[in-house]
Each structure stands twice: as structure tokens, then as C-alpha cells.
Amino acid sequence: MLSNANLKSLIDSRVPGRALPQPFYNDHALYERELELIWEREWLLAGMTAQIAKAGQWFTVQIGRSSVVVVRDRSKTVRAFYNTCRHRGSRICAGEKGSSGTLVCPYHQWTYGLDGKLLFAKEMGEEFDPTAFSLKPVHCETVEGYIFISLAQTPPCFDEFRNKVSAYIRPHGLQNAKVAHETTIVEKGNWKLVIENNRECYHCTGSHPELLRTISEFDGPTDPRFGGEYAEKCVKDEARWAAAGLPYAPIETDEGYRLVRVAMERGVSFTMTGELACKKLMGTLDNADVGSLRLLRFPNTWNHALSDHAVAFRVLPLSPTETQVTTWWLVHADAIEGEDYSVGDLTAVWAATNAQDQKLVEANQQGINSKGFEPGPYSPLVETGVTEFIDWYLTTLSNGLAQSPVSVALERAES
């Protein structure tokens, strides 16, 4: 175990403006404290409501040592529970997804309703009270098609986030979408390297030719490279969006989330040609060029919503040096594969980009593991997104420490 004092010492050892010291990327004891202070306390993207469109559909998500089952109940409410039987603790739902009328433990067949209530437990005696043994709930919130969960006893407020982002996302109709394709890869790198890689496009010119067919490697006037014809297009697109009632102004917060609608530099969608990937537009949209609505929430998700489809990304840590990255491509619920879209055209750009980013993250991890690693400086011009993430991460760890009980015996042993 890494004590509070030692973790604080590591936090304080970071030089502002530079990458984190090596233990933050490969130390198992520090990783365990991250699970406790961040992953078991913050709101995390679990998945999309489109994954469980019908009552009885469920999927599981692994957060550290805890498996959580997310299910749509008979009233169409999305709920989350610890995937642990209240009898002797067996895992209930095996696999990644499924559909059933009840949740049945495979060990002794204790049976739970989709609302988590215990319905059946054989031979438990007359004094047994089934109402005392419902599945343990996990905090669960939905916002415009996204499902967030928190393992905290008292999670951070979610309402402000929902209120700020809903109007931006709603026109894209993600609550009336379906998953056209899903992929999961395991990157042999620390989860923070995955997020850091996403937070800058310093590497894009040399690594992402498919992605740069349509988007700019910078997304606003704060970037020193911003200007020229793209800047002029941004002004025109924003005027058009304003007239159509589409929000676009950036939402920047200290709470670990960001939302902005960004103009495409070329084309209207994430395809190799820049043309629509799906003929049927999303939600209430009637114009193909609505830019890319980009939603970021630390610690585990970034997202793009366009006129014809949306791409959602979920990051989950598996170990200090392994990270699971799941990508969902969503289209209108009524879109027909082979007629309105092809999976190949829909996924080509981000499938290539994911593979490229995996190589970058894994090479980054290998270099950090070296005896020769020394944290280098971030660019103050084009890596501000990375700096913002690292600042959020260290602040969140520090705040967690302030609320974390200290083991007196451990502190004495280390003093």
C-alpha cells in the first residue's frame, strides 16, 4: 500500500509544466491508490443507452476489482448494480452483455428482478427476509444517450453537468440511435497516457493522415496555428449554427469536462472522402454540416457527434500498464446497414486512428519504463490540453487524499 504521506510526496515532486514522474505510469501501489481515489469516486462513462434499448438487456463493466451490471428494467429505467450475489458473493452476469427477464446467480440460483430486488432464494428458512438482500445499487445517471456510473458512496453532483451539456447533444438524437459497430482493444500503456494522447494533436500530422482528411489539427483561436481559410469557415459555420439554434460555444470547466462544437476543415463527416457515412441524419438535424460536437469527461471518455453518426470512446484501466479502450459507432435507429451505411466506410477513419494511437501509447510506455526516462516539458503552445488533464488528475488525487483515512500504523512504519 502507498501511504497518504508517500503519495503526497510523489504529487509534490512533479515539476509544473513537465510530464509526471515515472511511478505515476508504472507503479502498482500508486495505481491501487488511483483506483481508490479516482476510479471509485468519479463519474465514469459506462456505455450508451443504445446498447440496452429494450427491457432486460444488460451489459457489464469492470472498474478495478468491481464488476458492475447496467440493465434496463421493465419501466425502461436504466439501473446499475454491483454484479455480486447477496448470498455468497458469486458473480451473477457472466460475459459482456446479454438479455434476460431476471438476473439469476449461477451458483445457487438466487434470482433478482431487473430492479435489483431479490425474487427467489430457495431453502433459506422462515425468518429469512428477501427485502434485506436486494442487489447493491451503483449510482447511475443518463444524459442524452450516455450512461454514467459512480462507485462512490456520495458521488459528485451530476445535475450541473447534465444541465450544461444536454442542449448541445439533444439535436443529435443519441437516445434514438443504435450501435452499428463496437470494438475493444487493450493498449499496453498506462490509462493516463491514453488520455494524454487524446488531449493533443501535436502528433497528428505525423501519425493520423486518415483523421486529418476532414478535421483540423487545431480547434480554436487559442492555438497559434489557427487562421486562414479554416478560421473564415469557422466564423461562417458558427453563424449558420446560431441561426439554426445549434449551440456551439465552448463549455470549459474545472470539474473535468469540456464540450465544444468544432467546424470540419474539409467535408462533413469522419470518412475517407469527407462525405456522409450514413444517409439518414441523426436526431432532428436537417443539415449535413454541423461540425463535430466534442464531449470530453475525465477520467475516461471523449466523444464526437456529427450529423450522420456519433463515435463514443470509453477508457478503463486494467493494470498500471494496460488500458482497455472501447469504441462505439452509432447511427440513427432506423438506418439500414447496406442501404443507408456500410460498416467499413463508417469505421475506417477511427479504426485507423485507434490503431495508430495504440502504437504511440505503447511506445510511450516502453520509453517511460526505461532507466533513462526523465519528465520532459509540455509545449505551452500546443499541449495545453495535456497540461489541463494532468492538473485535473493531481488536484483530484489531492482532494481524494484529504478525504482518505490515514493508517496510523503505516505512517509510523514509514516515518
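Analyst: Hello! Before we start, buried means under 20% relative accessible area, exposed means over 50%, and partly exposed lies in between (1.4 Å probe, protein chains only). The model is predicted: local features need pLDDT of at least 70 and side-chain atom pairs 80 or more, while totals for chains, interfaces and linings use all residues. Residues are numbered from 1 along each chain as its sequence is written, and side-chain values use heavy atoms, with hydrogens and water left out.

User: Thanks! Why is aspartate 159 called partly exposed?

Analyst: Its relative accessibility is 42%, so it falls between the limits for buried and exposed.

User: What makes aspartate 159 and arginine 162 a salt bridge?

Analyst: The term asks for a side-chain nitrogen of Lys or Arg within 4 Å of a carboxyl oxygen of Asp or Glu. The side chains of aspartate 159 and arginine 162 meet at 2.9 Å, N to O, so the pair qualifies. The two residues are three places apart in helix H4, which means about one helical turn separates them. Helices are DSSP runs of H or I with at least four residues, strands are E runs of at least two, and both are numbered from the N terminus. The structure holds 17 salt bridges.

User: How do you know that aspartate 289 is linked to a distant part of the chain?

Analyst: Aspartate 289 sits in the loop between strands E13 (257-262) and E14 (292-297), whereas lysine 233 is in helix H7 (residues 228-244), 56 residues apart. Their closest N and O atoms are 3.4 Å apart, which makes this a salt bridge. Arginine 240, also in helix H7, meets aspartate 289 at 3.4 Å, N to O, so this pair ties together parts 49 residues apart in sequence. Through shared partners, Lys233, Asp237, Arg240 and Asp289 join into one network.

User: What makes a group of residues a nonpolar core?

Analyst: It is a set of buried Ala, Val, Leu, Ile, Met, Phe, Trp, Tyr and Cys residues joined through side-chain atoms within 4.5 Å. The largest one here has 71 residues, with Phe24, Val70, Ile149 and Tyr393 making the most contacts inside it. Helix H9 (residues 384-402) gives the most to this core, with eight residues. A second, separate core of 25 residues includes Phe148, Phe158, Val165 and Met282.

User: How do you know that helix H9 has the expected span?

Analyst: The expected span is 1.5 Å times one less than the number of residues. H9 has 19 residues and reaches 27 Å from first to last C-alpha, close to the expected 27 Å. Among its buried residues are Phe389, Trp392, Tyr393 and Leu397. The buried residues of H9 pack against helices H1 (4-13), H2 (23-26), H3 (28-39) and H5 (191-198), where contact means heavy atoms within 4.5 Å.

User: Why are E1 and E10 called paired?

Analyst: Pairing needs at least two bridges found by DSSP between the strands. E1 and E10 (residues 146-150) have four, in the antiparallel sense, so they pair. The open sheet runs in the order E1-E10-E9, and its edge strands, E1 (44-48) and E9 (139-143), each pair on one side only.
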